[in-house]
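Dear colleague,

I am passing on a structure that you have not worked with before, and the sequence and model follow directly.

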Amino acid sequence: MLVAAALAAPGPAAAEPRAVIAFAPEATLDDLEALPGAAVSMFGATQGRYRQVQALLDISQGARTSLAAYQPPTPPALGVLPDGRVAGWPEAVRRAEAAPAPIVPGLLASAVPGGAGYVGEATASRDTAIVAADEHGRVATLALPTDHGEVLPAVRDLLRDHRHVEVRRPDVADLREGVGERDPETLVVALAVARGGGAR
């Protein structure tokens with residue numbers, strides 16, 4: 001189960017709407033609820049058995065269906081290369097085309113002019129960058145800072161050129177700072193894993 005906090009800022013409109021998807025697995029439900037302007041909700045990552053790669057593909061394509069509808073049911077191994085290409089993407093596309101529902105991996109990034117940007121520390125896994133890949137299996141811009149303190153400045157930089165930026169593992173302080181300084185037309189969606197099965 002994932003917890004999503006959508007954070008929209010009030011105020012006058014900026015030139016263009018922008019969106020940041022922040023994967024923050026260490027954040028708790030209380031952390032997200034405490035962010036200014038947060039609207040927190042829960043949603044299932046997949047239908048049926050959980051597969052992280054499938055959950056990321058589902059977000060990238062803006063649609064999901066049961067794993068049983070795919071052939072094969074198990075998603076292919078995917079890996080985001082340093083140049084932004086997603087290894088294994090053609091297999092993911094062929095698998096989606098065979099499903100009995102209109103599914104297009106990478107539709108989200110392809111729908112945004114200029115594609116999506118991704119920020120993650122250089123030493124961390126780039127798996128969540130799958131969400132930022134377009135229909136051709138390519139992330140428009142990768143920023144891989146070597147120090148955690150450079151993550152938020154890298155997000156700011158990419159937002160100058162991209163209307164959709166994804167960031168991996170911002171800590172709660174980064175989220176709070178980023179949410180507080182964003183312009184009124186930037187939506188932040190923070191995703192965290194629900195723990196403990198609490199009924200919130």
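The largest pocket in this predicted model has a volume of about 310 Å³. Its lining is made up of 20 residues, and those that lie nearest the centre of the pocket are Val20, Leu152, Val155, Leu159 and Gly178. At least two residues of this lining come from each of β2 (18–23), α5, α6 (172–181) and β9 (186–193). Sorted by class, the residues that line the largest pocket comprise 11 nonpolar, seven charged and two polar ones.

The side chain of His162 is joined to that of Thr141 by a polar contact of 2.8 Å. If residues up to four places away in sequence are left aside, His162 touches Arg18, Gly114, Gly115, Ala116, Gly117, Ala140 and Thr141.

Finally, there is Leu29, which belongs to helix α1 (residues 29–33). Its relative accessibility is 17%, so Leu29 is buried as well, the cut-off being under 20%. Between Leu29 and Leu191 there are 162 residues of separation in sequence, while the distance in space from C-alpha to C-alpha is 10.0 Å.

With best wishes

Methods: Residues are numbered from 1 along each chain as its sequence is written. This is a predicted model: local features need pLDDT of at least 70, side-chain atom pairs count only at pLDDT 80 or more; totals for chains, interfaces and linings use all residues. Side-chain values use heavy atoms; hydrogens and water are left out. A polar contact is a pair of N or O atoms within 3.5 Å; within protein, one must be able to donate a hydrogen and the other to accept it, and residues adjacent in sequence count only if both atoms are side-chain atoms. Contact means heavy atoms within 4.5 Å. Helices (H or I, at least four residues) and strands (E, at least two) are DSSP runs, numbered from the N terminus. Buried means under 20% relative accessible area, exposed over 50%, partly exposed in between (1.4 Å probe, protein chains only). On a 1 Å grid over the protein atoms alone, a cavity is a set of points where a 1.4 Å probe fits but cannot get out, and a pocket is an open set with protein on both sides within 12 Å along at least five of seven lines; lining residues have an atom within 4 Å of a point. Grid points are joined across faces, edges and corners, and a volume is the space filled by probe spheres set on the points. Ala, Val, Leu, Ile, Met, Phe, Trp, Tyr, Cys and Pro count as nonpolar, Asp, Glu, Lys and Arg as charged, and the others, Gly among them, as polar.
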